[in-house]
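Let's walk through this one together, a feature at a time. Bring your questions and keep the viewer open.

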Amino acid sequence: MPVEITWWGHATCTLQDSNIRVLTDPLFAVWLAHLRRRRGAVPPAEARRADVALVSHLHADHLHVPSLAALAPGTRLLVPRGAPRAVPGLRRLRQLRISEVVPGDEVRVGSLLVRVVPARHDGRRLPVGPHRSPALGYVVEGEARTYFAGDTGLFDSMAEEVGPVDVALLPVGGWGPYLGEGHLDPGRAARALARLAPRAAVPVHYGTYWPIGMDAVRPHEFHAPGDEFVRLAAAAAPQVAVHKLGHGESVRLEVAR
């Protein structure tokens, strides 16, 4: 059975594996604080249908309470441990089945196994608040082993801590003119790809949101990361098939182990 990946923009993807729908970092907003969605329509209603949704960390462009509230009642939601305490709005989402997780946890969702893995990123709910929750990645194991990195920097033990994967959803950019600590740019993402050595990869977390009024400030940082990652990945990890998707586009991957 093929595995299907749909990129809705930013870090929001639908992964379909073994007839289970997995949604990553749901974000369905046109506006988010100082950010505006500049490319790609707001995802349609079908994007909000999932058996399980994965939240990688507490930043508002990854844990967006209004978007989570749009999920169907009964949807399972995995969040970093401490998230409901740090983000009180989560506690009002009683229609969702929320589980708090940390690296090393494993959660069974139907025929899928979701492994929680570390990320190197500031997991606080900004701009205020103590560091209460870890930043996470997830590996979804079914017909394929698919790694959703969330937001992370490159770290030496990445391949060992993530484990063998077939598909990698890697962040390659951000939402502003400069990437801070704990992020992957196209070059670092290509190096991560060489370490992880999956069969296929999809670049995410770029080319969707940009600060209001800053359209002319370093616009290449908005438009270029996907193409730059494709180019650099071809040199760093030529054995990996990279699929650069447009907003709302899907790729079906036949993964034979």
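**Reading the model, feature by feature**

A: Let's begin with Asp 25, which has 0% relative accessibility and so counts as buried. Keep in mind that this is a predicted model.

Q: What is phi of Asp 25 near?
A: The general idea comes first: most residues other than glycine have a negative phi. Here, phi of Asp 25 is near 35°, a positive value in a residue other than glycine. Asn 19 has a positive phi too, near 65°. Asn 19 is found in the loop between β2 (12–17) and β3 (20–24).

Q: Is Asn 19 buried or exposed?
A: Asn 19 counts as exposed, because its relative accessibility is 67% and the cut-off for exposed is over 50%. Asp 25, at 0%, is buried.

Q: Now sheets. In what order do the strands of the open sheet come?
A: In general, strands of a sheet pair through backbone hydrogen bonds, either parallel or antiparallel. In this case 3 strands form an open sheet, ordered β4-β5-β15, with antiparallel pairing. The edge strands, each pairing on one side only, are β4 (31–32) and β15.

Q: How many bridges join β4 to β5?
A: There are 2 bridges between β4 and strand β5 (residues 35–37), and the two run antiparallel.

Q: Which residues make the nonpolar surface patch?
A: Val 30, Trp 31, Val 42 and Ile 212 make a patch of about 360 Å². Ile 212 sits in the loop between β15 (209–211) and α5 (220–223).

Q: On to the inside. Which residues have the most contacts inside the largest nonpolar core?
A: Those are Tyr 138, Tyr 147 and Leu 193, in a core of 53 residues. A second, separate core has 20 residues, including Ala 53, Val 55, Val 79 and Ala 83.

Q: Let's do charges. How many salt bridges does the structure hold?
A: It holds 12 salt bridges. For one of them, look at Arg 145 and Asp 166, whose side chains meet at 3.2 Å, N to O. This pair links distant parts of the chain: Arg 145 is in strand β12 (residues 145–148), while Asp 166 is in the loop between α3 (158–162) and β13 (167–171), 21 residues apart. Asp 166 counts as buried because its relative accessibility is 2%.

Q: What about the salt bridge of Arg 195 and Asp 156: which parts does that pair tie together?
A: The side chains of Arg 195 and Asp 156 meet at 4.0 Å, N to O. Arg 195 lies in helix α4 (residues 186–196) and Asp 156 in the loop between β12 and α3, so the pair ties together parts 39 residues apart in sequence. Arg 195 is partly exposed at 33%, whereas Asp 156 is exposed at 69%.

Q: Where are Lys 244 and Asp 227 in the chain?
A: Lys 244 is in the loop between β16 (241–242) and β17 (250–253), and Asp 227 is in helix α6 (residues 225–236), 17 residues apart. Their side chains meet in a salt bridge of 3.4 Å, N to O. Lys 244 is partly exposed at 38%, and Asp 227 is partly exposed at 47%. Elsewhere, salt bridges that share partners join Arg 36, Arg 38 and Asp 215 into one network.

Q: How do I read a contact list? Say, which residues does His 183 touch?
A: Residues up to four places away in sequence are not counted; what's left for His 183 is His 121, Asp 151, Thr 152, Gly 153 and Arg 188. His 183 is in the loop between β13 and α4, and counts as buried at 16% relative accessibility.

Q: And which residues is Arg 125 in contact with?
A: Leaving aside neighbours within four places in sequence, Arg 125 contacts Leu 58, His 59, Ala 60, Leu 63, Ala 86 and Val 87. Arg 125 lies in the loop between β10 (112–118) and β11 (136–141).

Notes: Residues are numbered from 1 along each chain as its sequence is written. This is a predicted model: local features need pLDDT of at least 70, side-chain atom pairs count only at pLDDT 80 or more; totals for chains, interfaces and linings use all residues. Side-chain values use heavy atoms; hydrogens and water are left out. Patches are made of residues with over 30% relative accessible area and no salt bridge: like charges are joined within 9 Å, nonpolar side chains (Val, Leu, Ile, Met, Phe, Trp, Tyr) within 5 Å. Accessible areas come from the Shrake-Rupley method with a 1.4 Å probe; for residues, only the protein chains shown count as cover. Helices (H or I, at least four residues) and strands (E, at least two) are DSSP runs, numbered from the N terminus. Buried means under 20% relative accessible area, exposed over 50%, partly exposed in between (1.4 Å probe, protein chains only). A nonpolar core is a set of buried Ala, Val, Leu, Ile, Met, Phe, Trp, Tyr and Cys residues joined through side-chain atoms within 4.5 Å. Contact means heavy atoms within 4.5 Å. Two strands pair if DSSP finds at least two bridges between them.
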